[in-house]
Amino acid sequence: MNSTSFIFIIVSLVVSAVMYIALDNLIIAAMILACYLVVSFMVFIPMIKNRKKQIERYHLCYHFINNFIISLSIKKSIGGAFESTSVSMGSEFQDTVIRIEEMSDAEKLKYLQTYFPFHSYLLFYQIITLWQEQGGDILKMSQYLLAQTRQEEEYITSVSSLGKRKYIETGTLWIFSLAILAMLRFTLTGFYDKIKTVPIFVISTTLLAGFVLFSIYILIKKATNINIKGHDKNEKII
């Protein structure tokens with residue numbers, strides 16, 4: 001079980017426990033727990049995992065482009081630059097390279113457009129193709145590309161950090177809100193005994209659990225809304 005799944009299981013258990021304390025109704029609490037777990041594993045976790053993979057893949061693309069261009073400026077050979085760059089990439093990339101080792105160097109770079117489905121890589125491939133055909137100083141030819149990829153890398157890093165802060169801020173807010181709801185049962189015992197079976201209290205408290213779930217969805221949607229140029233954020237990374 002990864003950390004993301006563990007966090008959502010804990011959130012589901014905490015919210016359902018608070019609902020049980022507030023309503024003293026095991027059936028409603030169990031239904032809320034089931035709803036949270038289903039939505040978490042069917043919607044939230046896939047959203048986060050896919051976006052995380054997209055961001056990691058872009059970071060990998062950024063490093064590949066930079067390392068390849070620097071290697072190419074030194075080795076003056078696409079094959080040498082590809083081999084040198086591949087060594088510094090991760091195991092997943094190495095597995096992809098093994099599957100295409102029978103291809104020519106140009107075919108490998110073209111194939112990697114499916115592995116790096118970003119505008120930056122498309123521009124990189126066009127520049128390499130132009131260099132193959134006409135020659136020239138690859139560093140000068142790639143000047144704009146390197147600046148663009150660096151800016152996009154910085155943008156993605158800053159937005160990702162902001163998203164993490166939003167998770168913490170919103171989580172803290174809801175922890176205090178749910179804690180106050182749970183404490184009502186113990187601090188206002190007489191009042192609680194009178195309202196715990198009142199339909200409007202039961203419905204409004206249950207709706208609160210639904211609102212928490214909806215707010216989590218909005219938070220995840222906003223936190224993962226990072227526009228990587230040339231890539232559909234809803235597209236799954238292979």
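Visitor: Which helices each supply at least two residues of the lining of the largest pocket?

Guide: In this predicted model, they are helix H1 (3-23), helix H2 (26-75), H8 and H10. H8 gives the most, with 15 residues.

Visitor: What lies closest to the centre of the largest pocket, and how much space is there?

Guide: The pocket holds about 1,100 Å³ of space. Of its 37 lining residues, Ile 7, Phe 8, Ile 48, Tyr 167 and Ile 220 are the closest to the centre. By class, the lining has 21 nonpolar, 12 polar and 4 charged residues.

Visitor: Why is H8 called roughly antiparallel to H10?

Guide: The axes of H8 (residues 143-187) and H10 (residues 199-223) come within 10 Å and cross at roughly 170°. Angles over 145 degrees count as roughly antiparallel, so H8 is roughly antiparallel to H10.

Visitor: Which residues meet where H8 and H10 are in contact?

Guide: Among them are Tyr 167 and Trp 174 in H8, and Phe 211 and Ile 220 in H10. The residues of this contact divide into 9 nonpolar, 4 polar and 1 charged.

Visitor: What makes Phe 64 and Phe 82 an aromatic pair, and why is the pair called edge-to-face?

Guide: The whole structure has 17 aromatic pairs. For Phe 64 and Phe 82, the ring centres are 6.2 Å apart, with 75° between the planes.

Notes
Residues are numbered from 1 along each chain as its sequence is written. This is a predicted model: local features need pLDDT of at least 70, side-chain atom pairs count only at pLDDT 80 or more; totals for chains, interfaces and linings use all residues. Side-chain values use heavy atoms; hydrogens and water are left out. Axes are lines fitted to C-alpha atoms, for helices over the stretch in contact, and angles run from 0 to 180 degrees between N-to-C directions. Helices (H or I, at least four residues) and strands (E, at least two) are DSSP runs, numbered from the N terminus. Angles under 35 degrees count as roughly parallel, over 145 as roughly antiparallel, 65 to 115 as roughly perpendicular and the rest as oblique. Contact means heavy atoms within 4.5 Å. Ala, Val, Leu, Ile, Met, Phe, Trp, Tyr, Cys and Pro count as nonpolar, Asp, Glu, Lys and Arg as charged, and the others, Gly among them, as polar. On a 1 Å grid over the protein atoms alone, a cavity is a set of points where a 1.4 Å probe fits but cannot get out, and a pocket is an open set with protein on both sides within 12 Å along at least five of seven lines; lining residues have an atom within 4 Å of a point. Grid points are joined across faces, edges and corners, and a volume is the space filled by probe spheres set on the points. Rings of Phe, Tyr and Trp (its six-membered ring) pair if their centres lie within 6.5 Å; planes under 30 degrees apart count as stacked, over 60 as edge-to-face and the rest as tilted.
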